[in-house]
Amino acid sequence: LFTGKVRCQACGGALCVTKTRGVSYLRCANRRVSRDRCGGAFIAVPRLERMILEEWNRLTAQYLDAKQMENGLCHLLKFDTPDTLERLQKQEQDDAAVLERLYQDYARNVLTREKFQILACKIERKQAENAQKIRDFPQKNGQKSDKKRWEHYVRPTALTRDLVCAWIDFVCVGKRIPGTRQVPIEIHWNF
């Protein structure tokens with residue numbers, strides 16, 4: 001899940017995965033080489049995952065508008081935004097009006113026959129593409145809605161490798177604070 005994304009705060013070395021009693025942990029590889037070189041970062045993978053999710057949820061709640069985020073993610077991930085169908089239908093009407101004006105210009109000899117055919121062909125091709133997009137637009141017939149498709153990017157319940165790669169440049173994990181169970185982490189986001 002975190003391969004190549006987690007580093008030791010003390011030495012900058014990569015943290016490697018170890019498993020104890022069925023729980024995966026990340027620990028600094030340089031700690032084994034020389035205790036003088038590194039104090040040794042160590043954290044349980046589920047704990048790191050929980051801390052990252054909590055920070056993501058805090059940031060999204062504080063800084064991001066839900067509607068803007070929805071539209072931005074839909075665009076980024078090539079999903080249909082909620083207003084796509086309306087936009088396509090309006091474009092279809094606009095193209096029909098443009099085609100009608102072109103014909104009127106041709107009828108009044110403002111456009112040559114060749115120019116009219118070229119322009120009309122382009123608009124008709126665009127109309128056909130839009131008509132296909134409208135036909136392909138997900139209907140409420142049991143298909144997974146786009147909201148469901150992007151929602152796990154906005155409010156995830158668990159991290160996936162895709163989310164980690166999309167969100168995180170790297171994470172620095174420090175040595176546990178003496179006398180507590182707190183492990184300092186520093187998340188370097190991709191934004």
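1. A nonpolar core is a set of buried Ala, Val, Leu, Ile, Met, Phe, Trp, Tyr and Cys residues joined through side-chain atoms within 4.5 Å. Buried means under 20% relative accessible area, with exposed over 50% and partly exposed in between (1.4 Å probe, protein chains only). The largest such core here has 26 residues. Phe2, Leu48, Ile52 and Val173 have the most contacts inside it. At least two residues each come from strand S1 (6-8), S3, H2, helix H7 (161-167), strand S5 (168-173) and strand S6 (185-189). H2 gives the largest share of this core, seven residues.

2. The model is predicted: local features need pLDDT of at least 70, side-chain atom pairs count only at pLDDT 80 or more, and totals for chains, interfaces and linings use all residues. Residues are numbered from 1 along each chain as its sequence is written, and side-chain values use heavy atoms, with hydrogens and water left out.

3. The overall layout comes next. The chain has seven helices and six strands. Both are DSSP runs, numbered from the N terminus: helices are H or I of at least four residues, strands E of at least two. From the N terminus the order is β-β-β-α-β-α-α-α-α-α-α-β-β. Of the 191 residues, 32% count as buried. The accessible surface is about 13,100 Å², with 50% of it belonging to carbon and sulfur atoms. Those areas come from the Shrake-Rupley method with a 1.4 Å probe; for residues, only the protein chains shown count as cover.

4. Which residues does Val173 contact, leaving aside neighbours within four places in sequence? Contact means heavy atoms within 4.5 Å. The partners of Val173 include Val6, Leu15, Phe42, Ile43, Leu48, Val183 and Ile185. Across the chain, residues 24 or more positions apart account for 53% of the contacts with a separation of 6 or more.

5. S5 pairs with S1 and with S6. Two strands pair if DSSP finds at least two bridges between them. S1 and S5 run parallel, joined by three bridges. S5 and S6 are antiparallel, over five bridges. Val171 of S5 is the bridge partner of Val6, and Val171 also stands opposite Ile187 in S6. Five of the six residues of S5 are buried, so the strand is largely enclosed by the rest of the structure.

6. There is also an open sheet of three strands, in the order S2-S3-S4, with antiparallel pairing. Strand S2 (15-20) and strand S4 (42-44) are its edges, each pairing on one side only. The twist averages 30° from one strand to the next. Six bridges join S2 to strand S3 (residues 23-28). Leu15 stands opposite Cys28 in S3.

7. Helix H2 (residues 45-63) packs on that sheet, touching S3 and S4. Its direction makes about 80° with that of S4. Axes are lines fitted to C-alpha atoms, for helices over the stretch in contact, and angles run from 0 to 180 degrees between N-to-C directions. The buried residues of H2 include Leu48, Ile52, Trp56 and Leu59.

8. Helix H4 (residues 84-107) has 24 residues and reaches 35 Å from first C-alpha to last, close to the 34 Å expected. The expected span is 1.5 Å times one less than the number of residues. Thr84, Leu88, Asp95, Leu99 and Leu102 of H4 are buried. After H4 comes Asn109, with a positive phi near 65°.
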